[in-house]
Amino acid sequence: SLIDRLLLPENLGQVTLLYAASRVLGYFLNQNPGLLETVFPIVKEDPADFESRMKSLLAEAVTEDPLRRIRLLRSTEYVRILVADALRLDKLEATAAKISSLADACFALAMRAAGLTGRGVAVIGMGKWGGRELNYSSDIALFFVCGDAVPAVELPELEERARRAVALIEEFTDGGQAWRVDTKIRPEGSG
């Protein structure tokens, strides 16, 4: 059982450190004990391996509700990132890179669900997302581009699909909001 695994000597020290490092994370894990199954045993995962794992998750067929799938992916992987951060297994740069890769994976799922994959549309991540510097409270700033080969008559449909992809990320559900999305890129900044 999960309790038996957590009480193993090799896990007990990490469990104690984890709950001592973050009361909020401990509360969250108590409210969502199924997430503990995905975390233990805790292993160090470098950002390249994390990104590779995100890509292999994307290769799996998505048959469930995309809103639910995106929230589930975000919450499960966020907990892994938080745990590694709380236990000081990762440095700041590695944590930011993992959060950025997680945003990549979630947005790729949203693009697929909105029907934008293979349509000549790309997303350009800006700000902290584009710089691979997302933190726990970052929004994701982006804009969509398409190639010259996309016929002008398809642009209204693609714009609607892009809005749907954004909605899949920022819509509130019982699983929360994946990210706040900023599509209003301003050359002068927000100040």
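A: Leaving out neighbours within four places in sequence, the residues in contact with Leu102 are Phe50, Met54, Leu73, Arg74, Glu77, Tyr78, Ile81 and Trp179. The model is a predicted one. Leu102 belongs to helix α7, which covers residues 92-113. Its relative accessibility is 0%, so Leu102 counts as buried, the limit for that class being under 20%. One of the contacts, Arg74, is 28 residues from Leu102 in sequence, while the two C-alpha atoms are 6.9 Å apart.

Helix α7 also holds Lys98. Not counting residues up to four places away in sequence, Lys98 touches Glu45, Asp46, Pro47, Phe50, Ile81 and Asp90. Phe50 and Ile81 are among the contacts of Leu102 and are also among those of Lys98.

Arg88 is in the loop between α6 (66-86) and α7. Its phi is near 60°, a positive value in a residue other than glycine. Arg88 has a relative accessible area of 75% and is therefore exposed.

Arg132 is partly exposed because its relative accessible area is 30%, and Asp104 is partly exposed because its value is 27%. Arg132 also has a phi near 60°, a positive value in a residue other than glycine.

The loop between α7 and β1 takes part in a further link. There, Arg119 forms a salt bridge with Glu154, at 3.5 Å from N to O. Glu154 is in the loop between β2 and α9 (155-170), and Arg119 in the loop between α7 and β1 (121-126), so described as distant parts of the chain, 35 residues apart. Glu154 counts as partly exposed because its relative accessibility is 26%, and Arg119 counts as partly exposed because its relative accessibility is 23%. Arg119 and Glu154 are linked with Glu157 and Arg161 in a network of salt bridges. In total, the count comes to 10 salt bridges.

Ile124, Phe143, Val145 and Ile185 make a nonpolar surface patch of about 260 Å². Ile185 lies in the segment after β3 (181-182), and its 35% relative accessibility is why it counts as partly exposed.

Now for the whole protein. It has 9 helices and 3 strands, in the order α-α-α-α-α-α-α-β-α-β-α-β from the N terminus. Of its 191 residues, 37% are buried. Among contacts between residues at least 6 apart in sequence, 71% join residues at least 24 apart. The C-alpha trace spans about 65 × 40 × 30 Å along its principal axes.

Key. Residues are numbered from 1 along each chain as its sequence is written. This is a predicted model: local features need pLDDT of at least 70, side-chain atom pairs count only at pLDDT 80 or more; totals for chains, interfaces and linings use all residues. Side-chain values use heavy atoms; hydrogens and water are left out. Helices (H or I, at least four residues) and strands (E, at least two) are DSSP runs, numbered from the N terminus. Buried means under 20% relative accessible area, exposed over 50%, partly exposed in between (1.4 Å probe, protein chains only). Contact means heavy atoms within 4.5 Å. Patches are made of residues with over 30% relative accessible area and no salt bridge: like charges are joined within 9 Å, nonpolar side chains (Val, Leu, Ile, Met, Phe, Trp, Tyr) within 5 Å. Accessible areas come from the Shrake-Rupley method with a 1.4 Å probe; for residues, only the protein chains shown count as cover. A salt bridge is a side-chain nitrogen of Lys or Arg within 4 Å of a carboxyl oxygen of Asp or Glu.
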